[in-house]
Every structure is written in C-alpha cells, then in structure tokens.
Amino acid sequence: MNLIICENYREMSQKAAQLAAEGIPRSKNSLISFPGGDTPLGMVEQFAGMVNAGEVDISRTRYVSLDEWIGLGPDDQGSCAWFNWTKLLQKLSKPFLEAYIINGKAEDLNVECGNLNMYIEKYGPLDLSVLGIGMNGHLGFNEDGVDFNLKAHVIPLSETTKSVMRKYFTKEHDLKYGITQGLLHIMEAKRVILIASGAHKAEILRRALRGPVDTLVPASILQNHPNLFVVADREATSAL
Ligand code: GLP
C-alpha cells in the first residue's frame, strides 16, 4: 500500500488527480472509474483542468460510473449521475472516448446490472478505480456485510448511509437501495486510489487500513490489492 498523507483537502485533490492521470495508459484503450460524493469534488475539478490543458489524453479512455441511488437519475441534484455529468463530463473540452453512467431509474435493475457487468467485461478490467470511503466503510454501495465476490448488484442501503445521504440532496428522497460495481470489479482494477478527507473519516479509515479484512468494513478488502494508493489529508489519517 502506498499511503500519501497530504496537508489539506486541496493537496489531497491535486495528488489524487495526478495519480489518476498517471494511471491512464497512453498506448492502449483504457477504462476508468471515479466515485461520486463530496470527497472527489476537488480531484475531479483538477482532473478536468488537466484534460482541458492537454496534460492528460482521455481520447482512448472509457469512463464508467461507480454507483447510483436506486430511483434517481441525472436530473436529480445530488445523484451520482448528476455528479458525473455536471462535475466531470460537462467540464471536459475534450471528451472521453465513451461514458457509461449507471441508470438508477432502469425499469429492470437486473438488466442494468448485467449491462454494467458486460461493459466492464468488454472494455475492462478497470485500469483505474478511484474510490471514496463511506462512514460505514463502504466502497461505492458495497455496504457493510457485502459479499466480497460480487460483480454489479443492487443492495439495501445501510442505516449509516441513509442518515449520511441527506447531505447530498436539496430535497427529501426516500431511498432504500443502491446499485454498484462489485468489489470484484474494484479488486481487478490495475490501480486503485482511495481518497479520504476530514476528521470524521479518521476512525473508519483506521479500521479499513489497519483492522482485519472483514465484510463488516468493505474497504478493508483493499488491504489485499496489489496496487493501492491511499491519498488522504492529515485529519483523515489522524487515527492511523
Ligand atoms: C457515497 C457513495 C460513495 C462515496 C461515499 C463517500 O454514498 N455511494 O461512492 O464514495 O459515499 O462519500 P463522501 O465522499 O461524500 O463522504
């Protein structure tokens, strides 16, 4: 594991964007994935800036989203699709080769999971997976207790996630399920970058990185990843 401790959120965002850019192969088509949520906002802004300045070439890169709240789509402010479109895809003056954004409003969610699996199978494995960590240690919506051996799936949201989720939305949503890439997708990624910021993430980051590998803290599986970068600010690493 490569642990990179940054002074603050800004430095974390810059470092993560730089490591993400370096994780994109130059000589072949590639597949990458970024998380939604608050933590990646700065990184995504930096990354888009690097693309627009011609410092990163994404013309041979496909982008796939990590997860989505079931029932929400790109028009719902705070959804993962909304994040992906407004904070990343619409900011790029040079687009990705293609982008696959998970549809949380799909009529048949089994089909949506199958499509996501087929996409990652066809163009993957992921060259790069950037991840945030939830307050219960989730990655995407791989909630506590998740089966480590799953690909795309639909999963009930944990009570922790339900209480945290209000921060993303300007209006009330009654959300009960998430759809997500599975931990198998994440563990097959050639480079994983886990980002974390703030004192509120310190304890769960400690459990993920220093505790036992256990499905109760899904992010702990990353201890077994051969090419993991953890990029976090001082506050988030204060319990390590
Ligand atoms: C959200 C998303 C994750 C995200 C995590 C952390 O619910 N499902 O993809 O990485 O929780 O979010 P934040 O960065 O806002 O703390």
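A polar contact here is a pair of N or O atoms within 3.5 Å; within protein, one must be able to donate a hydrogen and the other to accept it, and residues adjacent in sequence count only if both atoms are side-chain atoms. This is a predicted model, where local features need pLDDT of at least 70 and side-chain atom pairs count only at pLDDT 80 or more, while totals for chains, interfaces and linings use all residues. Numbering runs from 1 along each chain as its sequence is written, and side-chain values use heavy atoms, with hydrogens and water left out.

A backbone N or O atom of Asp38 lies 2.8 Å from a ligand oxygen. His138 puts a polar side-chain atom 2.8 Å from an oxygen of the ligand. For Lys167, a side-chain N or O atom is 2.8 Å from a ligand oxygen. How much of the ligand does the protein bury? The protein buries 96% of the 390 Å² that the ligand exposes taken alone (Shrake-Rupley, 1.4 Å probe).

Now the shell. It has 15 residues (a heavy atom within 4 Å). The closest are Thr39, Asp67, Lys167, Tyr168 and Lys201.

Last, the rings. There are 9 aromatic pairs (Phe, Tyr or Trp rings, six-membered for Trp, centres within 6.5 Å; planes under 30 degrees apart are stacked, over 60 edge-to-face, the rest tilted). Trp69 and Phe169 have ring centres 5.6 Å apart and planes at 70°, so this pair is edge-to-face.
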